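User: I would like to go through a structure with you, one topic at a time. Could you take my questions as they come?

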Amino acid sequence: MNQIPQISYASTAPELSDNSRYEFFSRVVPPDSYQAQAMVDIVKAMGWNYVSTLASEGNYGESGVDAFLQISREAGGLCIAQSIKIPREPRPGEFEKIIKRLMESSNARGVIIFANEDDIKRVLQAAKTANLTGHFLFVGSDSWGAKNSPIQDQEDVAEGAVTILPKRASIDGFDQYFTTRSLENNRRNIWFAEFWEDDFKCKLTRPGVKYDPSRRKCTGEERISQDSQYEQEGKVQFVIDAMYAMAHALHSMHMDLCPGSMGVCEKMDPVEGRMLLQYIRSVNFNGSTGTGVMFNENGDAPGRYDIFQYQLSNVSSPGYKDIGQWTNHLRLNPEEMQWSGGDRRIPESVCSFPCESGERKKMVKGVPCCWHCELCDGYQYLLDEFTCDMCPFDMRPLKNRTGCRPTPIIKLEWSSPWAIIPIFLAILGILATSGVIITFIRFNNTPIVRASGRELSCVLLTGIFLIYLITFLMIAEPSVAVCAFRRLLLGLGMCISYAAMLTKTNRIYRIFEQGKKSVTPPKFISPTSQMIITFILISVQLLRAFIWFGVMPPPHHHRLRGTEAAQSRVCPRSPQSRGVPETFNEAKPIGFTMYTTCIIWLAFVPIFFGTAQSTEKMFIQTTTLTVSMSLSATVSLGMLYIPKVYVIIFHPEQNVQKRKRSFKTVVQAATMSTQLSQKSKDKQNGESKIEPDRLQ
């Protein structure tokens, strides 16, 4: 291959910078890799991170887009939604399909376009046909530049388009020369006749060319810029600079090899290509527009670009407006920019919009610019833009969920209607319980008190008293001590009451069951045994409470957790108690007490756990819990002890010792009474109406 240095005035393909393949190639225009870098900088300066690319099939378009993609990957922070290639010979409807593909990622409004003029025009036309005027934000390469031909009749769609063009200037001397050219004075340009026909839309009579009667005949009197539109070709500057670059290189070479010689000396005949290349790469002079002309080691000229925007609205003269420059770095004037409809705000071209306060980003796999926003809910706060974390137990998230704050103390005021009713019931219950306790102490040795089981009655009344007392702890202002006593007494009072009741019922059941078999009393029916059994049951609750204290010390907070409420468990009526004879004087009260308690707590569960943790509904929870406990205690007190107190105080004549009967006699009498009661019920369901006798 001949080593002939070349200087191009228009070739911008990036691959020509490969010095190993195109060693003798130089150019006075910057390569498209600089242009792609400038376009990446423009996109980032406008805050866009999600764009699409369009390229005409061929070296220019594909190389330009490839350079843009590579630089954007290296820079980071920029994602490509669609990368579309326009075929060399597009089929009908091809551009409509391109617009549809671009709309598949409608958030990517920015479109980077490396295409020829005809493709640009047809893309704009397809966007207008699809009624998408103002949607796409085009960033065009130098093939669009500041030309009017690609946007003719599509100005409204092109409004706001940002384009780039190698820095250039109009050469006044060339205009003065070229506009005076005519058919008469042209002597050296062999293509001038063709230009004349094309520029004036006429036909010259030339040998060998068939005359077209549809076109008018050129007169030869036409004048450039007077009888036709004239615009200086943008590459004139680079043509002149390329010629001068070669001239400067030859001059420097001649000065070094042929000093003092007026012509070419032997050392330059012939010219050695590699040596001439060295002189070309060493030139440095001010070109036709005053800008420096030089080459780097790859033969590329410096990247210098003007940045334009096509503006249509609110301007005196619609057209391309200079909005910045790029010379190794971007200088953009955002205040000079104007978009569709005259809007001064830079439109957005992003995959995902910023998350609201308190929302974290959940990234889309494989697309670093796209994410979904998820709210940090419950007691979570935003730890960083990608992570939600739980607030400590004694804190709650701020309103914007950017941090946590101490949980405010929210409590029932003693004067609140939600507190007055529970307090009233608790006071009545405490007074009634105190009255029963005083009566039992005053008449401690009377038959009714002794028959009730003085020891177990004392335990059961203590549990009832604690149940009423918990109301005041639930309404009191939270503190470590108050929370600790809540946690302890909330389950303990219920456990004491029902442990004593279960022990008493089980004792009676075992007595009657044993009496059916023998006259020997069952074991563990003495008061001491009953107290031991009761305290064993109570100790289980105490052990659980103290283990809870050790694992999770009582916090100082306002919320009543579901775990605390769950400690108020009720001991269900033992299935064995069904065997107690119905005529036994405490069977029905105990049964009614247990069934009523179950109903109360079954109603409590959906009310308590069905209310959310808002301030007002927390008050409902507290009131529901305290009232339910007071009602449960009142049922036990009313059914088991109020009738006894009534007899003791108002009918003392019935509170006398009856004749003693043996254990066997008592059991037989109770068993016979039960059998007769059952027969009476059976006969009432038949024809017989005879009323059976009842055991007294």
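User: What is the torsion about the S-S bond of Cys391 and Cys404, and is the disulfide left-handed or right-handed?
Analyst: Please note at the outset that this is a predicted model. The torsion about the S-S bond of Cys391 and Cys404 is about -90 degrees, so the disulfide is left-handed. The sulfur atoms of Cys391 and Cys404 are 2.0 Å apart.

User: Is Cys391 buried or exposed? And what about Cys404?
Analyst: Cys391 counts as buried, at 8% relative accessibility. Cys404 has a relative accessible area of 23% and is partly exposed; the cut-off for buried is under 20%.

User: How many disulfides does the structure hold?
Analyst: There are 7 disulfides in the structure. One of them joins Cys79 to Cys369, with an S to S distance of 2.1 Å. Cys79 sits in strand β4 (residues 79-86) and Cys369 in strand β14 (residues 367-375), so to speak of this pair is to speak of a link between distant parts of the chain, 290 residues apart.

User: Which handedness does the link of Cys79 and Cys369 have?
Analyst: The link of Cys79 and Cys369 is right-handed, with 85 degrees about the S-S bond. Cys79 and Cys369 are both buried.

User: And how far apart are the sulfur atoms of Cys258 and Cys265?
Analyst: The sulfur atoms of Cys258 and Cys265 are 1.6 Å apart, and the two residues form a disulfide. The torsion about this S-S bond is about -65 degrees, so the disulfide of Cys258 and Cys265 is left-handed. Both of these cysteines are buried.

User: Back to β14. How does strand β13 run relative to β14?
Analyst: Strand β13 (residues 359-364) and β14 run antiparallel and are joined by 6 bridges. Within this pairing, Met363 has Trp371 of β14 as its bridge partner. The hairpin of β13 and β14 has 2 residues between the strands, and Gly366 takes a positive phi near 85 degrees there.

User: Changing topic to the sheet with β4. What is its strand order?
Analyst: The order is β4-β3-β5-β6-β7-β10-β11-β12, an open sheet of 8 strands with mixed pairing. At the edges are β4 and β12 (330-332), each of which pairs on one side only. On average, neighbouring strands of this sheet are turned by 25 degrees against each other, direction ignored.

User: In what sense do β6 and β7 pair?
Analyst: Strand β6 (residues 137-140) pairs with strand β7 (residues 162-166) in the parallel sense, over 2 bridges. Val139 stands opposite Val162 in β7.

User: Which strands does helix α2 lie across? And helix α3?
Analyst: Helix α2 (residues 59-75) lies across β3 (50-56), β4 and β5 (110-114), and runs at about 155 degrees to β3. Helix α3 (residues 94-103) lies across β3, β4 and β5 and runs at about 175 degrees to β4.

User: Now helix packing. At what angle do α12 and α14 pack?
Analyst: Helix α12 (residues 454-475) packs with helix α14 (residues 527-551) at an angle of about 25 degrees, and their axes are 9 Å apart. That angle makes α12 roughly parallel to α14.

User: Which residues make the contact?
Analyst: From α12 they are Glu455, Leu456 and Val459, and from α14 they are Pro527, Gln530, Met531, Thr534, Phe535 and Ile538. By class, the contact of α12 with α14 has 6 nonpolar, 2 polar and 1 charged residues.

User: Two threonines to finish. Where is Thr433 found, and what is it in contact with?
Analyst: Thr433 is in helix α10 (residues 417-442). At 0% relative accessibility, Thr433 counts as buried. Apart from neighbours within four places in sequence, Thr433 is in contact with Leu461, Ile464, Phe465, Tyr468 and Leu637.

User: And is Thr623 buried or exposed?
Analyst: Thr623 is buried, with a relative accessible area of 11%. Thr623 lies in helix α17 (residues 615-640). Leaving aside neighbours within four places in sequence, its contacts are Leu412, Trp418 and Pro422.

Conventions
Residues are numbered from 1 along each chain as its sequence is written. This is a predicted model: local features need pLDDT of at least 70, side-chain atom pairs count only at pLDDT 80 or more; totals for chains, interfaces and linings use all residues. Side-chain values use heavy atoms; hydrogens and water are left out. Helices (H or I, at least four residues) and strands (E, at least two) are DSSP runs, numbered from the N terminus. Buried means under 20% relative accessible area, exposed over 50%, partly exposed in between (1.4 Å probe, protein chains only). Contact means heavy atoms within 4.5 Å. A disulfide is a pair of cysteine sulfur atoms within 2.5 Å. Two strands pair if DSSP finds at least two bridges between them. Axes are lines fitted to C-alpha atoms, for helices over the stretch in contact, and angles run from 0 to 180 degrees between N-to-C directions. Angles under 35 degrees count as roughly parallel, over 145 as roughly antiparallel, 65 to 115 as roughly perpendicular and the rest as oblique. Ala, Val, Leu, Ile, Met, Phe, Trp, Tyr, Cys and Pro count as nonpolar, Asp, Glu, Lys and Arg as charged, and the others, Gly among them, as polar.
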